[in-house]
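Here's a quick tour for anyone meeting this structure for the first time. Have a look at the model below, then read on.

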Amino acid sequence: MSTLDWIIFIVAAVVFVITGLSILYNMIKGHHKTRLTDKFVWGLNIQIFYALSSFGTGLMVVMSAIILIVGNEFPFKILQAGNSIALACILAGVIQMGIDLGKPARAIKVLLGGKFNSPLTIDFIALTVLMILSIIFIVGMGAASLAAMKVWAYLTILISVLCMSTHTLLVASRFESGFRSNSFFSAETLVCSIWSGMAIMILLSSGNPL
């Protein structure tokens, strides 16, 4: 790697370590030690869940669009790597949500509750389906058929946009009326998710003319 690459890598590694330690400190010591309060939407864990799951869903939308536009001309290995990153982001986000719930078993109660009009239930199901779709792509199922890949792409876009929409429903209702309320929050969530997914895909595709 060049000197600039090493500098970027070292800075990213330091930020990663410091962020991880700060999250661990918050989990162990709590808000009264970090001086964070629940004036932030659902606290730090849910904010991390929101960010990571948005990165993952945005990346899956971008990869699906590439499959539909470029077809099988785009290197499959890059799409596999992208799906691995998307899976990692979504899984890490779900773990953060589990930590916020306090007891992972409570996640089962979300499904058994039967409230399928609840944004939390829809989000939980959508993220689970996206993780399954990522694994299917990573292991190469349907890779030999362009038609199968396009079916995967259409299904992934549908579930990803559903997931982004439920993210909006989860958070928007917790903003009080007034200057903090934002009628364009859903559009902002959609655009930022796809923007972040595009950024990750550009890094993965560096040097590829397509």
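Residues are numbered from 1 along each chain as its sequence is written, and side-chain values use heavy atoms, with hydrogens and water left out.

**Around Gln80**
- Gln80 sits in helix H4, residues 76-101; helices here are DSSP runs of H or I with at least four residues, numbered from the N terminus.
- Gln80 counts as buried because its relative accessibility is 15%; buried means under 20% relative accessible area, exposed over 50% and partly exposed in between, with a 1.4 Å probe and protein chains only.
- Not counting residues up to four places away in sequence, Gln80 touches Phe137, Ile138 and Gly140, where contact means heavy atoms within 4.5 Å.

**How confident is the prediction?**
- The mean pLDDT of the protein is 78, and 73% of its residues reach 70 or more; pLDDT is the predictor's confidence in each residue, from 0 to 100.
- Confidence is lowest in helix H2 (residues 31-34), with a mean of 51, and highest in H3, at 87.

**The nonpolar core**
- The largest nonpolar core has 28 residues, and Met60, Leu130, Trp152 and Met201 are among those with the most contacts inside it. Such a core is a set of buried Ala, Val, Leu, Ile, Met, Phe, Trp, Tyr and Cys residues joined through side-chain atoms within 4.5 Å.
- At least two residues of this core come from each of H3 (43-70), H4, H6 (119-138), H7 (146-172) and H8 (185-204).
- H3 gives the most to this core, with eight residues.
- Met201 is in contact with Leu59, Val62, Met63, Ile66, Phe74, Ile78 and Leu79, leaving aside its neighbours within four places in sequence.

**Helix H6**
- H6 has 20 residues and reaches 28 Å from its first C-alpha to its last, close to the 28 Å expected at 1.5 Å a residue; the expected span is 1.5 Å times one less than the number of residues.
- The buried residues of H6 include Thr121, Asp123, Leu127 and Phe137.
- Leu127 is buried, with a relative accessible area of 2%, and touches Phe49, Ser53, Ile90, Val94 and Cys163, not counting residues up to four places away in sequence.
- Just after H6, Gly140 takes a positive phi of about 90 degrees.

**Aromatic pairs**
- The count comes to three aromatic pairs. Rings of Phe, Tyr and Trp (its six-membered ring) pair if their centres lie within 6.5 Å; planes under 30 degrees apart count as stacked, over 60 as edge-to-face and the rest as tilted.
- Trp6 and Phe9 form an edge-to-face pair, 5.9 Å centre to centre with 90 degrees between the planes.
- Trp6 and Phe9 are separated by about one helical turn, because they are three residues apart in helix H1 (residues 3-29).
- The rings of Phe76 and Phe137 have their centres 4.9 Å apart and their planes at 25 degrees, so this pair is stacked.
- That pair links distant parts of the chain: Phe76 is in H4 and Phe137 in H6, 61 residues apart.
- Phe76, Phe137 and Trp152 form one aromatic cluster.

Key. This is a predicted model: local features need pLDDT of at least 70, side-chain atom pairs count only at pLDDT 80 or more; totals for chains, interfaces and linings use all residues.
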